[in-house]
Amino acid sequence: MCFYLQVLKRPFIRIFAAFAAVVAVLIGICSLKSDASILNDTIRVAIFKNAAAVTVEGEGLLAAGDGGVPVRFETPASVRQVGENLVLDGIEQKKLVFASAGILLINGRAYRGKVEIISTDKGLLAVNELQLEDYLKGVINSEISSAWPVEVVKAQAVIARTYAVNRKIARMNAPYHLEATVMDQVYGGYATEDSGSQRAVDDTAGEVLTFDGAVIQAFYHSSCGGRTESSENVWGMKIPYLEGVDCKYCFQNRSVSWEMRIKLKETADKLRQAGMKVANILDIKAGDTDSRGRLANVILVTSQGEKSVKAVFLRKALGYGELKSTNFTVTVADEEAQFSGVGNGHGVGLCQWGARDMAAYGSGYREILSHYYPGTTLQKLHETGSPGIPNAPVGF
Ligand SMILES: [Zn+2]
């Protein structure tokens, strides 16, 4: 018999040991709970917004209404908005939660986890709540391709996880943590998963990037065109690991170059729609460059004189998908502007096409991540310290 069991034979020591064990378990549960609620388990993603109706199907589909009360309904469930409430089979609710034994089909698209449908001023909001690791498997192929070299797919898994955890911390009390679009990370759900995306997520399970013990703001973009941008130039916020690095890789891809043509009149219209007061535009000229070589501002020559507009604002007004970066030259002929540029996206953080070529030339995902986020550390989520972090604006 071991010494420990002998000690337990004494009544007082036995009672003390039992009490200590209960306290230890409680402390364990409490610390697990605080960690888990912030850094682990699930993530909430807005998959449909401002919808007039949401249809839900699934094997063994169950629903709970206000106060968690089970709701009976015909399948497929058809939820509509009536006034401030939502309606399912004639019964009004403020909120409905659907869960299934397998995959949920929401408006015909497949998702893991459960879905919460909430009535808002602008229509129905559908929030998919699922395990963080499962969510990542539905992001990979929407952001890059899992057919890319495996090390860049792993790097994408880490930054998608890091980004998601960072947003979850920042939006802890909001109805959802992430948009399913380029506003955050594009999330296609279960249908976009494949063995490549699953492997990259599993091989990096729980890994996030940290700086000074806090989960970083892992911004990333499609291609930078030779040099990544500093966060300060885009959002006015200096972040040590987002000051910009050289990227000799993405420049080798032809897709990095782009052109955009737009009439001067249409340019003025779009600027006005974005909230800028501007007279008729006669000419457009490049303004100053920022510390990373991109255009900081553009000069509009108008019928009422010259006016400077921030290049970041011009992108927003003309469309992020059209004016693909602030790394461009501009010429005007026949009342039409021609923008010729390189790079796609805000340019901050990891350059996906550059990371792809780093992997193709033999770099591992750790090397790729430390190149684009200098000074950061790769850690398992449960090993990270305080999640307290500044909240920077999101853009793309
Ligand atoms: Zn690049």
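In which order do three strands form an open sheet? The order is S16-S21-S20, with antiparallel pairing. The model is predicted, with local features requiring pLDDT of at least 70 and side-chain atom pairs pLDDT 80 or more, while totals for chains, interfaces and linings use all residues. Residues are numbered from 1 along each chain as its sequence is written.

**View A. The open sheet S16-S21-S20.** Strands are DSSP runs of E with at least two residues, and helices are runs of H or I with at least four, numbered from the N terminus. Two strands pair if DSSP finds at least two bridges between them. Strand S16 (257-263) and strand S20 (328-333) are the edge strands, each pairing on one side only. From one strand to the next, the twist averages 15°.

**View B. Pairing of S16 with S21 (residues 336-342).** Seven bridges join these strands in the antiparallel sense. Ile-262 has Ala-337 in S21 as its bridge partner. Helix H8 (residues 264-273) packs on the sheet and touches S16, S20 and S21. The direction of H8 makes about 90° with that of S16 (angles run from 0 to 180 degrees between N-to-C directions, and axes are lines fitted to C-alpha atoms, for helices over the stretch in contact).

**View C. Packing of helix H5 (residues 150-170) with helix H11 (residues 365-372).** The axes are 8 Å apart, at an angle of about 55°. Glu-151, Val-152, Lys-154, Ala-155 and Val-158 in H5 meet Tyr-365, Ile-368 and Leu-369 in H11 (contact means C-beta atoms, placed from the backbone, within 7 Å).

Definitions and conventions: Contact = placed C-beta atoms within 7 Å.
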